[in-house]
Amino acid sequence: MMSIFGMVPETHGEICRLGYLKVVAALKESGLPNLTAISEKLLDFAKSLGGVRKSPKPTGLLTKSKQTAFYYAVLAKELGILDEYFSIISILPSYEKTKNLVQKFLSSGEASSSHKAIISLSSGEKIVLAYVLSRRDPLFIELMEWAKNTRKFRRIQAIKNGLSEIIPKVLPKAAEKTSRYSEELRTLKPTEAIRTRAYNSGRHLIPPRLEWAVDLNLLKRHVGGGKGTRVSYYEATPLLDEILMTLKRLREIAPDAPPDEDSISLFDQLITAYARVENRYRMATDNTIEKALKDAHKTLSKRSPVPMLTLLIAASTRLLEMGLVTTITDVKEVLMKIIFVNLAYYRSLPNGSIAIISLEPHQSTPPTIEL
């Protein structure tokens, strides 16, 4: 476990599938009071899911461990899935589907879905989670930098290099401890290493993040023969080559940042890269973009006015999940037309951005909004 590593999100060796995080978000939205209650229901939900028939089964399936369920809830919290980034995730059609499944489960005790459906990320989820990890998990980004340069590697190799090079770079205060662990592993055979405290420390840090990258199509997992899940090696994908620099630059851009040329360009790069991977080539029209903007705003504005960049990201990822490709540049153009034609309400934010209060036609009396 990772409490000694401070700002790096806490993980556990079995927290490998990002798809469970949307279930945690849906359980939180349903009104469960704390992480313990959420994790208990998450485990019950997972137990009622259908199995994964195809072999080899992916690692990290949640089936019986209370500890694993709790750490999934912790990870969702520490990545901001339950607060800062929840609004962007909440407008995705895939999240709405998960939310409906969770509500049905809470009322009936049954989840009419499968582990495969839950852990398989939609295109919009991949974009949002890649962005979230770039902002919240510096260890993930540095590990991807190493993976990009190494190309093909075994898990033990990633653990050793993680302890000796990557973690000290991210967290200098942990350098002495992790370097000592790395030196211990260097002299041991793999069969000996897995029984050591050093390996156990690395196991909770590195392998989960490798599997998150698999979920995001940034790494490809190659598995040995038979029905087991033992990974033979990982391999960097062309998508990792294409978007790693974009993710590194997105670390500095908050979802409520001003929608300037640089931030819009970076999100355009991320969205169009995933659109190519997903083979989605049908272009969105101005009418479908306008509807996506209004649908997204309706959901996002339930609590407060919506920062423009958040709205642009939300509408673009929503469209992609519907099989429609656009750019944030095009979405912004449609939004500005709506604002101009409807004289929609917006308000300046202290950081120089603006928040959209309403996309409806101008009224005689402006709505009262508390900021």
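Me: Which residues are buried in α3?

Reply: Keep in mind that this is a predicted model. A residue counts as buried when its relative accessible area is under 20%. In α3 the buried residues are Thr68, Ala69, Tyr71, Tyr72, Ala73, Val74, Leu75 and Ala76. What covers these buried residues of α3 includes α1 (20-29), α2 (35-47) and α13 (207-215).

Me: How many residues does α3 have, and what span does it reach?

Reply: An α-helix has 3.6 residues a turn, so residues three or four places apart point the same way. Helix α3 covers residues 66-78, which is 13 residues. From its first C-alpha to its last, α3 reaches 18 Å, close to the 18 Å expected at 1.5 Å a residue.

Me: Is α1 mostly covered or mostly uncovered?

Reply: Mostly covered: eight of the ten residues of α1 are buried. They are Tyr20, Leu21, Lys22, Val23, Val24, Ala25, Ala26 and Leu27. Among the elements that cover them are α2, α3, α4 (86-90), α5 (93-108), α6 (115-119) and α7. Glycine 31 follows α1, and its phi is positive, near 110°.

Me: How many cavities of 30 Å³ or more does the structure hold?

Reply: A cavity is a space where a probe fits but cannot get out. The structure holds one of 30 Å³ or more. The largest cavity has about 80 Å³ of space.

Me: Which residues line the largest cavity?

Reply: The lining consists of Leu18, Gly19, Leu21, Lys22, Ile81, Ile89, Leu92, Leu121, Glu125, Val128 and Leu129. By class, eight are nonpolar, one is polar and two are charged. Helices α1 and α7 (123-136) each supply at least two residues of this lining. The largest share, three residues, comes from α7.

Me: Why does threonine 246 count as buried?

Reply: The test is again the cut-off of under 20%. Threonine 246 counts as buried because its relative accessibility is 4%. Threonine 246 sits in helix α14 (residues 238-250). Leaving aside residues up to four places away in sequence, threonine 246 touches Leu266, Gln269 and Leu270.

Technical notes:
Residues numbered from 1 in each chain as written. Predicted model: local features only at pLDDT ≥ 70, side-chain atom pairs only at ≥ 80, totals over all residues. Heavy atoms only, no water. Helix = DSSP H or I, 4+ residues; strand = E, 2+ residues; numbered from the N terminus. Expected span 1.5 Å × (residues − 1). Buried < 20%, exposed > 50% of the residue type's maximum accessible area, 1.4 Å probe, protein only. Contact = heavy atoms within 4.5 Å. 1 Å grid on protein atoms, 1.4 Å probe; cavity = no way out; pocket = protein on both sides within 12 Å on 5 of 7 lines; lining within 4 Å. Points joined across faces, edges and corners; volume = space filled by probe spheres on them. Nonpolar A, V, L, I, M, F, W, Y, C, P; charged D, E, K, R; others polar.
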